[in-house]
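Reader: Hey, I've just opened this one and I'm new to it. Can you walk me through it?

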Amino acid sequence: MPAHQLAPDISDDPADVLSAEQSHLAESRKALQAMREHAQSLSAEAAGDWVSQQVLQSLLDQRVAALADHPDTPLFFGRLDRSAGDDLPGTIYVGRRHVHDGASRALVIDWRAPVSRPFYQASPSDPMDVVRRRRFGYHGGALTAYEDEPLDQGGNLSPSKILTDEIERPRTGPMRDIVATIQPDQDKIVRAALTQTVCVQGAPGTGKTAVGLHRAAYLLFTHRERLARSGVMIVGPNRAFLSYISSVLPALGEVKVDQTTVADLLGAYDTPEEPEVAAIKGDARMAAVLERALWLHISKPEEGLVYTRGVHRFRVADYEVREIVASLRGTTRYGPGRAALAQRLAHQVLVRMEQRGDSPDDRVQDAVARSKPVKQLVDAVWPKVTPAQVLFRLLSDAGFLAKACAKSDISPGEQEMLLWRKPYRGWKSAKWSAADAALLDELGDLIERTSSLGHLVVDEAQDLSEMQLRALGRRCRNGSATVLGDLAQGTTPWSTTSWEAVLRHLGQDSGEVTELTLGFRVPREVLDYAARLLPSVAPGLAPPRSLRPGLGSLSVRPGAALAEAVGATLSREGSIGVIVPDALVEQVSGSLEDIAHAVLDPDAADQEHRLLVIPATLAKGLEYDHVIVVEPADIVAAEPRGLARLYVVLTRAVTSLTVLHDKPLPAALAI
């Protein structure tokens with residue numbers, strides 16, 4: 001046995017085996033602490049200059065944070081006993097991060113390492129050189145049980161009780177990672193190549209969000225240096241959702257990943273506007289309108305350039321200026337085009353200086369480009385504009401909007417809807433809507449190129465408009481994306497019906513669409529009940545399936561009292577979400593004044609409270625052990641895609657769903 005290879009079990013007695021594994025856990029935790037202390041002892045003063053010291057200190061701080069031990073989180077969750085006669089250890093412990101002892105002996109192997117893949121993918125039909133897979137059960141951070149799966153004997157494996165218990169374990173507070181329970185189809189998505197954009201259509205409870213986050217962690221591990229330069233970003237639907245998922249990546253050792261919402265990324269504008277207007281603004285047809293609107297600001301040069309230097313006057317004729325402008329238009333972005341125009345005009349002046357016998361250099365050309373005559377001509381022909389100035393003119397000037405729409409299929413009726421009923425006095429005082437944010441971003445990219453990230457994870461992508469997708473696509477134009485969502489959960493007026501269309505607007509046409517239909521979290525009884533709405537909200541989707549029967553998990557109670565239902569649920573273990581129509585939040589919260597609870601707001605100020613009252617519009621992406629839904633009819637009536645909203649609400653439950661109603665239920669749900 002190689003020196004670095006860990007010994008097999010020394011006894012068949014389960015108590016002895018468990019004791020040995022507990023000893024290995026204690027040794028691993030001690031080694032992790034030593035690794036962290038070593039990282040803390042390193043000094044950035046060895047770097048030469050102050051800037052280098054600051055960069056090195058930042059890297060050291062990140063390293064220390066990544067090595068933090070979370071006492072309630074298992075350091076390793078699996079073990080592989082291998083049969084391969086290679087240089088790798090015969091026994092491998094698979095965990096959330098790599099841990100080694102003072103002799104560089106690997107005590108825990110990171111789950112993302114290639115050698116860990118059999119823990120997720122190996123089966124009796126394809127053991128992948130693994131004789132036995134061992135799963136560990138924990139209570140808090142204490143190792144309390146183990147379960148062996150022989151992979152070298154053929155046949156079929158019995159369902160794993162430890163795996164099932166971990167999936168079904170009650171929770172409070174933020175989402176936890178699923179690194180110990182990743183299934184083979186999920187693992188395939190997680191380990192997809194960095195260059196491959198993946199789009200996941202995931203039914204409720206299939207773990208699509210967790211898969212996306214684990215893919216981000218996997219890519220950061222596998223392509224650390226490359227992604228450290230280009231960056232990874234998680235984009236979620238709202239801040240409450242980001243708060244809910246905030247603990248997942250740090251628990252996997254990834255502490256430097258930007259997490260944001262579309263609103264925070266593009267601009268948190270919230271001026272109300274009619275859904276029909278927002279839908280037009282979100283249509284990809286607006287891209288051509290915005291581009292034409294921007295370039296309409298360039299005017300035909302009517303005068304030439306006269307530049308005076310000493311007693312000499314140098315002239316560039318008007319027709320030459322027109323030729324320069326024409327050659328630049330459409331070949332560059334608007335901002336660089338302005339700079340290029342100034343430089344080309346200056347170059348023509350230098351040519352004339354040389355014809356007089358002068359020998360001007362680049363410094364002279366730069367001085368000419370910055371001179372008053374050149375600046376005045378450039379400003380007159382190719383004026384400096386901001387995205388807000390262009391959009392203000394577009395939405396307040398009917399004639400200008402008509403010109404911009406001349407070569408598009410935006411109808412006169414739609415143009416009239418786009419125009420502000422009461423224009424603002426100027427672009428600086430204009431109040432923008434959420435839909436305007438994507439238009440401003442589009443214009444910003446037409447003026448100056450938007451920088452690209454290495455990888456972008458977009459959750460709840462079915463709710464994004466085509467213009468919002470274009471905005472996100474610009475941020476991964478040189479990279480790739482993981483796109484997550486469920487067509488059945490689309491609740492915006494512009495919700496997509498095609499993932500291929502989403503990928504096209506993202507600029508990731510070659511992306512691969514994959515589907516997760518097998519649920520692990522939502523009980524079958526609850527999922528089947530919610531799926532009755534699918535023919536109305538997403539008729540093209542196959543009904544989702546759940547591995548968990550969940551008998552007795554659904555209760556529909558007409559005329560029942562909320563306080564009574566909440567009181568009964570509080571006697572059970574786990575988190576509780578009371579999901580209500582937005583208009584009833586205050587009323588429902590008041591009715592529970594004698595019961596400790598909190599109201600979930602978009603900033604998730606009290607996300608970790610066990611009992612939360614949740615506006616229906618904030619429920620997407622969240623889950624709770626027990627969900628009580630109040631008055632489904634009002635949820636449906638509150639918005640055009642109310643049935644889709646109700647489908648989202650009904651599928652937030654992990655253990656039990658209670659539906660309370662006085663008004664008639666939607667026909668599909670009537671029992």
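Predicted model: local features only at pLDDT ≥ 70, side-chain atom pairs only at ≥ 80, totals over all residues.

Reader: Got it. How many helices and strands does the protein chain have?

Author: There are 28 helices and 22 strands. Helices (H or I, at least four residues) and strands (E, at least two) are DSSP runs, numbered from the N terminus. The C-alpha atoms fill a box of roughly 105 × 70 × 45 Å along the principal axes.

Reader: And what share of the residues counts as buried?

Author: Of the 671 residues, 52% do. Buried means under 20% relative accessible area, exposed over 50%, and partly exposed in between (1.4 Å probe, protein chains only).

Reader: Let's look at α1. Which of its residues are buried?

Author: Among them are Val17, Leu18, Glu21, His24, Leu25 and Ser28. Ala15 also lies in α1, but Ala15 is exposed, with a relative accessible area of 51%.

Reader: What caps the N-terminal end of α1?

Author: Asp13 does, with a side-chain oxygen 2.8 Å from the backbone nitrogen of Ala15. As for the length of α1 (residues 14-41), its 28 residues should span 40 Å at 1.5 Å a residue, and the end C-alpha atoms are 41 Å apart, which agrees. The expected span is 1.5 Å times one less than the number of residues.

Reader: Switching topic: at what angle do α13 and α14 pack?

Author: Helix α13 (residues 318-328) and helix α14 (residues 334-355) pack at about 140°, with their axes 10 Å apart. Axes are lines fitted to C-alpha atoms, for helices over the stretch in contact, and angles run from 0 to 180 degrees between N-to-C directions.

Reader: Which residues make that contact?

Author: On the α13 side they include Val321, Ile324 and Leu328, and on the α14 side they include Ala340, Leu341 and Arg344. Contact here means heavy atoms within 4.5 Å.

Reader: Now the loop between β13 and α22. Is Ser495 there buried or exposed?

Author: Ser495, in the loop between β13 (480-485) and α22 (499-506), counts as buried at 16% relative accessibility. Its side chain makes a polar contact with the side chain of Asp463 (3.4 Å). A polar contact is a pair of N or O atoms within 3.5 Å; within protein, one must be able to donate a hydrogen and the other to accept it, and residues adjacent in sequence count only if both atoms are side-chain atoms. The Ser495 side chain also reaches the backbone oxygen of Thr492 at 2.8 Å.

Reader: What about Gln489, where is that found?

Author: Gln489 is in the loop between β13 and α22 too, and is buried, with a relative accessible area of 1%. Leaving out residues up to four places away in sequence, Gln489 touches several residues, including Gln462, Asp463 and Tyr647.

Reader: Last one: what is the phi of Met128?

Author: Met128 has a positive phi of about 55°, although it is not a glycine. Most residues other than glycine have a negative phi. Asp129 has a positive phi as well, about 65°.

Definitions and conventions
Residues numbered from 1 in each chain as written. Heavy atoms only, no water.
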